[in-house]
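Look over the structure shown below.

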Amino acid sequence: MKFSMLPQVFSQMFKKPWTNKFPAKYQPSSTTKFLKDVGEGKAKIIPPVETPKGFRGKIVYDKEKCIGCKLCIRVCPCGAIEFKEKEKKIKIYLARCCFCSQCNDVCPVNCLSMSDEFLLSDADKHSKDLIVE
Amino acid sequence: MTKQKEVTKTTYQLPIGPIHPALKEPVMFEFEIDGERIIDVDVSLGHVHRAIEWTGMRRNPIQIIYLAERICGICSFVHPFAFVRAVENACDIQVPERADYLRVVHGELERICSHMLWAGVAAHEIGFDSVLYLTWEMREKALDLTEYLTGNRVTKAILTIGGIRRDITKEHIPKIQETMKYLKDNFEKLRKVYLDDKTFQIRSQNCGILTYEDALKLCAVGPTTRASGVKKDVRVDQAYAAYSDLDIDYMTPDVLTGEVNGDVYDRIIVRLLEVKQSIGLIEQAIDKMPAGDLVSEPKIPKLLNYIKKTAGEGIGRDEAPRGEVIHYVKFDGEHEQPYTWKVRASTYNNILPWIPMLKGEQIADIPIVAASTDPCMSCTNRVAVVNKNKKYELNKEQLHQLSVAKTRRLMR
């Protein structure tokens, strides 16, 4: 039993690593340049691991359907939803959202749904990408 | 002949923590050391108070579910589960049978993840890092299944008052069976590494012993107490959810080895046996699951209005991977927010057993003995008394008076 781990070590040596090299195999020397290249089609992004069905990502809001009943505001655990009095519509601050999808469940007209978008990090919590309205 | 130098025998004090590489979470130990031996231990807590109960008393029960989920990162199912059961108890809400079975499946899946995480950490504490990766590779499969069933790896957001939010349908079952088969196939490998390996045996046998009497006296809970031979498990003692229909028994180390020592090795045995038991429970629950509703009251505003009108108090108990969790809730019948909410996490009971465990051990055994109860400090910290920005401690008499005053206030 002295070398009981050896078979494991050998089998591990020839296994494909689990790590998905997202977004690039090696860290680019300049991230902004890499992203620019991707935009121009010069470089390619290695796609992230697929999200499962039922994943709770960025909220999608169908403004036309919304009736302004404020139920989502009542159940939101983090107070991420603001009511716009004038328009009778809501504004969701994703920087505060905890992605529990409770607002989706409570909505009587189903105007909210969860997408599978999860790349939401931003230096500014009030940036355009992080506010759904 | 020279005069012999006089040797004074004194003990030394060794503080470890609050922030220390061997401790994953802030907790402060003050050791009294004689050479390598530990003579006395003092534990002080209160470094990670987050005012969760205070925050909860300003929210409605639906919002608190997600707050309770964040009490502990690993027990993100059992804390909301205990809370939800407390609310159901207080407001007399019946849970559909199918939801009970689904709750068992998610609870046991969490136990598998938690025990495997602990086993990996224990291996890491004694410097056996390759086993950490081996264990966590298996744990990853269980986490993938959690993500597949609930939509997220850690914060599951699956419970609601009076039921459960997402169903397990026919299309989910092949993946569950596949994962359970993988875990069962690899369990033998894990058992061999943890229980037959010499490194583990020399580090964990006869180390950190908690006797049967001490475990009873200090009210230890969960695998810590079961490893000392105390048959205590909420799932069996006061079967909740669907546990009464399933084949479940106390997991004590004598099931495997025939004897109880109460050392770290026994705690490893208990946790590994419980992983196996959980796999069996998930399979049973999937087989026996009846058809039916998921929630008793699908309309949340109606449910909230009902809770608002109800006055009463309730207790929710359940068996977390670390031991028994208790949530107490009281509603006054006028407000949506609970009048009071009290959480007792399982680590709270498992702190005092540290003292008999650590006495007489060597300094190098501190990490593995401390880790062997699977401590979770931030779940435990419930009280911090602050006066003019100065934290002060309360003695027993003052605490008793405060407690009496609180009881009177609640009874009013």
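## Helix contact in chain B

In this predicted model, H2(B) and H3(B) meet through named residues on each helix. H2(B) contributes B:Pro61, B:Ile64, B:Ile65, B:Ala68 and B:Glu69. H3(B) answers with B:His79, B:Pro80, B:Phe83 and B:Val84. By class, seven residues of this contact are nonpolar, one is polar and one is charged.

## Helix geometry

Two packed helices are described by the angle and the distance between their axes. Here H2 spans residues 61–69 of chain B, and H3 spans residues 78–91 of chain B. Their axes come within 7 Å. The crossing angle is roughly 150°. Angles over 145 degrees count as roughly antiparallel, so H2(B) and H3(B) are roughly antiparallel to each other. The crossing of H2(B) and H3(B) is right-handed.

## Interface between chains B and A

How many residues does each chain bring to the contact? Chain B supplies 31 residues and chain A supplies 23 residues. About 2,200 Å² is buried between chain B and chain A. Carbon and sulfur atoms give 49% of that area. On the chain B side, B:Gln63, B:Glu137 and B:Arg165 lose the most area to chain A. Together these three account for 20% of what the chain B side buries.

## Salt bridges

Four salt bridges are counted between chain B and chain A. A:Arg74 forms a salt bridge with B:Glu336. The closest N and O atoms of A:Arg74 and B:Glu336 are 2.1 Å apart.

Definitions and conventions:
Residues numbered from 1 in each chain as written. Chains lettered and ligands numbered in written order. Predicted model: local features only at pLDDT ≥ 70, side-chain atom pairs only at ≥ 80, totals over all residues. Heavy atoms only, no water. Axes fitted to C-alpha atoms, helices over the stretch in contact; angles between N-to-C directions. Helix = DSSP H or I, 4+ residues; strand = E, 2+ residues; numbered from the N terminus. Parallel < 35°, antiparallel > 145°, perpendicular 65-115°, else oblique. Left-handed = near helix turned anticlockwise from the far one by under 90°. Contact = heavy atoms within 4.5 Å. Nonpolar A, V, L, I, M, F, W, Y, C, P; charged D, E, K, R; others polar. Buried area = accessible area lost by both parts, 1.4 Å probe. Salt bridge = Lys/Arg side-chain N within 4 Å of Asp/Glu carboxyl O.
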